[in-house]
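Colleague: Could you take me through this structure step by step? I would like to begin with the whole and then turn to some details.

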Amino acid sequence: MRMLDLILKKRDGGALTEGEIRFFVDGVVRGTIPDYQVSAFLMAVYFRGMTEAEVAALTEAMRTSGEVLDLSVVPGVKVDKHSTGGVGDKTTLVALPLAAAVGVKAPKMSGRGLGHTGGTIDKLEAIPGFRTALDREAFLRQVDAVGFAVVGQTEGLVPADKALYALRDVTGTVDSIPLIASSIMSKKLAAGADAIVLDVKVGRGAFMPDEASARALAEAMIAIGRRLGKRTHAILTAMDEPLGREVGNANEVAEAIRVLRGEGPEDVEEVAVVVAAEMVLLAGLAPDRAAAVAAVREALADGRGLGAFRAFVAAQGGDPAVVDAPEAVLPRPHHRAAVVAWADGVVTALDARAVGEAAMRAGAGRATKEAAIDLAAGVHLRKKTGEVVRRGEVLADVLASRPIPEDAVLRLREAYALGETAEDAGLAGRAAGG
Ligand code: URA
């Protein structure tokens, strides 16, 4: 087999066989196909797309390119959860304890933030003592005993994705549905859960800016699950403005705890309840969606969700006092800079991407993979879309441990659009759905 023939076939709109796709993935992992041919192939896929069968074959070849986890020692249905990435997205920190409180077993591998989106692993590292690396036995024991564990992705999982993503990133081929779907699903499948809930973000702060493309991505991932025998459910949730009022790391953990106490912003609670309920449903712990939602809401109201979060923090070496006094335990910002309203009116838009970039410039995220982050840095949103403001009133604060860079404040100001009336806000309150 020659790589050139595969490139020509895809360039001319043909469909590759399973054997051809496996040849490609093996060559990528072993380094026998040069980067320029891999890049040309990726660009051909970007323009020509892939059939459902091709995407499934690509995912399967990627899944088995490295370590594959076996979770069978943990009894029960194991359910994983994945978000396609957002700003202020602390859903995992709320949904997993709620699902675990209802009886779901949730083994989760999470990523770090990159660019304008945050990562759950960075957020958890804001809790003093918290360990995001566990050996396999400790990970499985914790899933069994506590109901869930969250760790960083192990090095050996899906090496094909690491190699392909690095090239996609520099060849303009990241935003291709077959490539995104196979990248996400290969990692989820290698992580070994029996069922998967996908939270596909749609809007200005997401990978998928519009509903049609988000739906197409969700359908591509569900089709992979169907073909490879993994129960997969997807929901679409809004990411035009950030989720909740905190964007960063320590401040997002504190907000997640407030939600688990029943004091958190409604939008975070809503998405977390929907995700947790889908996990309960896939685990077979409720007869229908309404019963699953009711069970999750009960675990939130009676404090079992908060209790599960406390047990999780303690099991991974973190200080469980964070649950009772988050502000006293988490790193605190010593600097704060305000963005104030320049007119009377209503917030008509709050651009999630711009808020994420402002938080990153303040130190909450990384511009490069190796950069260190300031766990206390971030953004606190006092006003969101649809809310009335007075000239001179604070819209939002930039937070950090060190003096706040001017460009962070400027970027946060650009995130806001003000209008004269509530009607100008138009899209206020686009809720979770799908
Ligand atoms: N997340 C992934 O894991 N892979 C992609 O290609 C895009 C988002």
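Predicted model: local features only at pLDDT ≥ 70, side-chain atom pairs only at ≥ 80, totals over all residues.

Colleague: What is the radius of gyration of the protein chain?

Modeller: It is 22 Å, which agrees with the value near 22 Å that a compact globule of 434 residues would have. Along the principal axes, the C-alpha atoms of the protein chain fill a box of roughly 65 × 45 × 40 Å.

Colleague: And what percentage of the residues is buried?

Modeller: Buried residues account for 53% of the 434 residues. As for contacts between residues at least 6 apart in sequence, 78% join residues that are at least 24 apart.

Colleague: Let us turn to helix 2 and helix 8. At what angle do their axes cross?

Modeller: The axes of helix 2 (residues 18–30) and helix 8 (residues 159–171) cross at roughly 80° and come within 9 Å. Helix 2 is therefore roughly perpendicular to helix 8.

Colleague: Which residues meet there?

Modeller: From helix 2, V25, V28 and V29 meet P159, A160, A163 and L164 of helix 8. By class, this contact of helix 2 with helix 8 has 7 nonpolar residues, with no polar and no charged ones.

Colleague: Now a single residue. Is T92 buried or exposed?

Modeller: T92 counts as buried, because it has 24 C-beta neighbours inside 10 Å and the cut-off for buried is 20 or more. T92 lies in helix 5 (residues 91–102).

Colleague: Which residues is T92 in contact with, leaving aside neighbours within four places in sequence?

Modeller: They are K81, K108, S110, T120 and V150.

Colleague: Where is L134?

Modeller: L134 is in the loop between helix 6 (120–124) and helix 7 (136–146). With 19 C-beta neighbours inside 10 Å, L134 counts as partly exposed.

Colleague: What does L134 touch, not counting residues up to four places away in sequence?

Modeller: L134 touches F139, Q142, A149, V151 and Q316. Although L134 and Q316 are 182 residues apart along the chain, their C-alpha atoms are separated by 8.0 Å.

Colleague: Finally, which residues surround the ligand?

Modeller: The ligand is surrounded by L179, I180, S183 and I184. By class, this shell has 3 nonpolar residues, 1 polar residue and no charged residues.

How values were computed: Residues numbered from 1 in each chain as written. Near = placed C-beta within 6 Å. Nonpolar A, V, L, I, M, F, W, Y, C, P; charged D, E, K, R; others polar. Axes fitted to C-alpha atoms, helices over the stretch in contact; angles between N-to-C directions. Helix = DSSP H or I, 4+ residues; strand = E, 2+ residues; numbered from the N terminus. Parallel < 35°, antiparallel > 145°, perpendicular 65-115°, else oblique. Contact = placed C-beta atoms within 7 Å. Rg over C-alpha atoms; globule rule 2.2 N^0.38 Å. Buried ≥ 20, exposed ≤ 12 C-beta atoms within 10 Å, placed from the backbone.
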